[in-house]
Amino acid sequence: MWFQTYCNVRIKDKEFEPYISSSDIQSTIQKIADQINTDYSGKSVIFVGVLNGAFMFAGDLLKNIDFNCEISFIKVASYEGTSSSGKVHELIGLVNDIKDKHVIILEDIVDTGLTLNKIFSMINHDEPASLEVASLLYKPEAFQGKHSPKYVGFEIPKKFIVGYGLDYLEEGRNTKDIYELKDK
Ligand code: IMP
């Protein structure tokens, strides 16, 4: 039904077509939250969202977490246009004390996994009780990292997508649905 009102979008020089609807995103996030509620109930947990891309996922997931927890954000950058630069820069670090707490990193998408390598080395340095990742999207065919996400919303092929936090040249983050790059 959603595709009847859900059209292609143009961002700068590229056209994108519908890929994952808002209702599918929300029901998948609910399932991830249910699993985390079961796994982490009674534990001291801090969620760490990775800016900018994970801001929508973090907001919607955390509304469905039913235990007391801490929430923080870090900011890293690696993408240039439609591909990873291969170099990950830390732009904003974690200020919270995470020693002996259970850390759950919230990612919009895990692609090569190089960003997670960098984040794991930043966070493990501060001796958390455990460290896991929840990612809305995961591209297993592109993955070459050391730490795969424990909680995954959608496994997708190697394609470039935008929306729901994900950008193309910093635009396109502010949509409820997710779009894929249209083949020429
Ligand atoms: P990785 O280090 O290659 O795993 O890339 C992680 C980051 O690259 C994500 O947090 C996104 O910001 C960005 N990224 C990866 N794939 C896409 C995509 O298809 N569209 C938009 N951004 C992406």
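**Entry 1. Terms and model**

I take helices (H or I, at least four residues) and strands (E, at least two) as DSSP runs, numbered from the N terminus. The model I examined is predicted.

**Entry 2. The loop between strands 9 and 10**

I began with backbone torsions. L169 sits in the loop that joins strand 9 (161-162) to strand 10 (178-181). Its phi is near 50°, which is positive although L169 is not a glycine. I then looked up the exposure of L169 and found a relative accessible area of 40%. Since buried requires a value under 20% and exposed a value over 50%, L169 is therefore partly exposed.

E170 belongs to the loop between strand 9 and strand 10 as well. I noted a positive phi of about 75° for E170, again in a residue that is not a glycine. Its relative accessibility is 52%, so E170 counts as exposed.

**Entry 3. The cis peptide**

I next recorded the peptide bond from L51 to N52, which is cis, with omega near 0°. L51 is placed in strand 3, whereas N52 lies in the loop between strand 3 (45-51) and helix 2 (55-62). How exposed are L51 and N52? L51 has a relative accessible area of 23% and is partly exposed. N52, at 26%, is also partly exposed.

I looked up two distances from this site. Between the C-alpha atoms of L51 and I92 I read 8.9 Å, with 41 residues separating them in sequence. N52 and E170 are 118 residues apart in sequence, but their C-alpha atoms are 9.3 Å apart in space.

I then followed the pairing of strand 9 with strand 10, which is antiparallel and runs over two bridges. I161 has E180 of strand 10 as its bridge partner.

**Entry 4. The ligand**

I turned to the ligand and its surroundings. Which residues come nearest? Of the 16 residues around the ligand, these are D108, T112, G113, T115 and I161. By class I counted seven nonpolar, three polar and six charged residues in the shell.

One of its oxygen atoms is 2.9 Å from a polar backbone atom of D111. An oxygen atom of the ligand is also 2.4 Å from an N or O atom in the side chain of T112. On its own the ligand has 490 Å² of accessible area, and the protein covers 93% of this.

Which elements give two or more residues to the shell? I found strand 6 (102-110) and helix 3 (114-124). Strand 6 supplies the largest share, with four residues.

**Entry 5. Helix 1**

I checked the length of helix 1, which spans residues 22-40 and so holds 19 residues. From its first C-alpha to its last I read 27 Å, close to the 27 Å expected at 1.5 Å a residue. Its buried residues are I25, T28, I29, I32, A33, I36, N37 and Y40. Just after helix 1, I noted that G42 takes a positive phi of about 85°.

**Entry 6. Helix 2**

Is helix 2 largely enclosed or open? Six of its eight residues are buried, so helix 2 is largely enclosed by the rest of the structure. The buried residues of helix 2 include M56, F57, A58, D60, L61 and L62.

Last, I looked up S72, which is placed in strand 4 (residues 70-80). Its relative accessible area is 10%, and S72 is therefore buried. The side chain of S72 makes a polar contact of 2.9 Å with the side chain of N96.

Definitions and conventions. Residues numbered from 1 in each chain as written. Predicted model: local features only at pLDDT ≥ 70, side-chain atom pairs only at ≥ 80, totals over all residues. Heavy atoms only, no water. Near = heavy atom within 4 Å. Polar contact = N/O pair within 3.5 Å; in protein donor to acceptor, adjacent residues only side chain to side chain. Areas by Shrake-Rupley, 256 points an atom, 1.4 Å probe, with all protein chains shown as cover. Nonpolar A, V, L, I, M, F, W, Y, C, P; charged D, E, K, R; others polar. Buried < 20%, exposed > 50% of the residue type's maximum accessible area, 1.4 Å probe, protein only. Pairing = 2+ DSSP bridges. Expected span 1.5 Å × (residues − 1).
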